[in-house]
Amino acid sequence: MGSTGTVLRELRGAQKSAKGVSLYSRYVNRPAGRVLAAGAYRAGLTPNHVTLISALFTYGAVAAVALVEPSWTLAVLVYAALAAGFAFDSADGQLARLTGRGGPDGEWLDHVVDCGKLLLVHTAVLISFYRFGELPSEAWLLLPLGFQLAAVVTFCAGLLREHLGKAAASAQGPSWAATQAAPVSRVRAVALLPADYGVFCLVFLLLGAPGAFRAGYAVLAVVHTLFLAAFLAKWFRELKALRAG
């Protein structure tokens with residue numbers, strides 16, 4: 001094994017494209033994941049081990065939201081665990097590219113953990129609202145369900161867009177590849193910030209103030225729903241263009 005510095009340099013050269021990535025993921029989560037991937041490599045861990053570590057942090061935080069009465073201490077602990085889980089989620093793919101040990105099993109496991117995360121985090125908020133929240137109206141209990149729907153549909157539709165696009169690439173050839181190699185847009189990276197999971201995690205820092213948390217969570221739910229509508233329209237046009245091509 002090389003030194004940590006050498007491993008980090010190799011990881012920097014094995015990054016995925018920054019196209020379609022928000023500033024948070026590009027400048028915060030991916031660099032954090034790179035450090036964690038280097039540590040995992042030095043420790044002899046596999047990408048699947050790192051995925052499971054990500055799940056432990058994330059699902060532990062989700063369980064705490066559902067089971068523990070909100071407080072400022074809980075807010076900090078939950079945010080730290082969610083952020084760590086997200087960074088490890090980036091690290092598993094980076095480690096896989098570094099070691100060449102990635103495969104369908106690892107990609108499947110990563111997606112299963114991600115899907116479970118999106119389902120459970122909003123379920124946990126719903127449980128917390130029901131158990132601990134002095135809600136202005138019971139209608140607030142519908143909010144996590146709507147947010148969950150938007151998050152899961154965005155995740156699944158994005159995966160389908162990626163895989164169907166790759167399947168069509170064999171017929172489209174260079175024309176499809178050229179669209180994937182388009183220049184990275186800084187404006188788009190900023191615009192995508194509200195839809196980034198890492199930015200979503202920040203709202204849990206407000207758990208100590210239930211009213212502020214509800215307001216922040218509601219704003220993000222609306223924003224994610226609007227992004228879902230925009231993404232679905234965009235992805236549908238892109239896949240239709242591939243068929244036409």
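Author: From the N terminus on, the elements of the protein chain run α-α-α-α-α-α-α-α-α-α, where helices (H or I, at least four residues) and strands (E, at least two) are DSSP runs numbered from the N terminus. This is a predicted model, in which local features need pLDDT of at least 70 and side-chain atom pairs count only at pLDDT 80 or more, while totals for chains, interfaces and linings use all residues. Residues are numbered from 1 along each chain as its sequence is written, and side-chain values use heavy atoms, with hydrogens and water left out.

Reader: How many helices and strands are there in the protein chain?

Author: The protein chain has ten helices and zero strands.

Reader: And what percentage of its 245 residues count as buried?

Author: Of the 245 residues, 42% count as buried, with buried meaning under 20% relative accessible area, exposed over 50%, and partly exposed in between (1.4 Å probe, protein chains only).

Reader: Okay, helix 3 and helix 4: at what angle do their axes cross?

Author: The axes of helix 3 (residues 47-67) and helix 4 (residues 72-99) cross at roughly 165° and come within 8 Å; such axes are lines fitted to C-alpha atoms, for helices over the stretch in contact, with angles running from 0 to 180 degrees between N-to-C directions. The two helices are therefore roughly antiparallel to each other, a term for angles over 145 degrees.

Reader: What kinds of residues make up that contact?

Author: The residues where helix 3 meets helix 4 divide into 16 nonpolar, five polar and two charged. Here Ala, Val, Leu, Ile, Met, Phe, Trp, Tyr, Cys and Pro count as nonpolar, Asp, Glu, Lys and Arg as charged, and the others, Gly among them, as polar.

Reader: Switching topic, which residues touch the most other members in the largest nonpolar core?

Author: In that core of 32 residues, they are Val 78, Leu 82, Phe 200, Phe 204, Leu 207, Phe 213 and Tyr 217; a nonpolar core is a set of buried Ala, Val, Leu, Ile, Met, Phe, Trp, Tyr and Cys residues joined through side-chain atoms within 4.5 Å. Helix 4 gives the largest share of this core, eight residues.

Reader: Is Asp 110 buried or exposed?

Author: Asp 110, which lies in helix 5 (residues 104-132), counts as buried because its relative accessibility is 15%.

Reader: What is Asp 110 in contact with?

Author: Leaving aside neighbours within four places in sequence, Asp 110 is in contact with Thr 51, Asp 89 and Asp 92, contact meaning heavy atoms within 4.5 Å.

How values were computed: Parallel < 35°, antiparallel > 145°, perpendicular 65-115°, else oblique.
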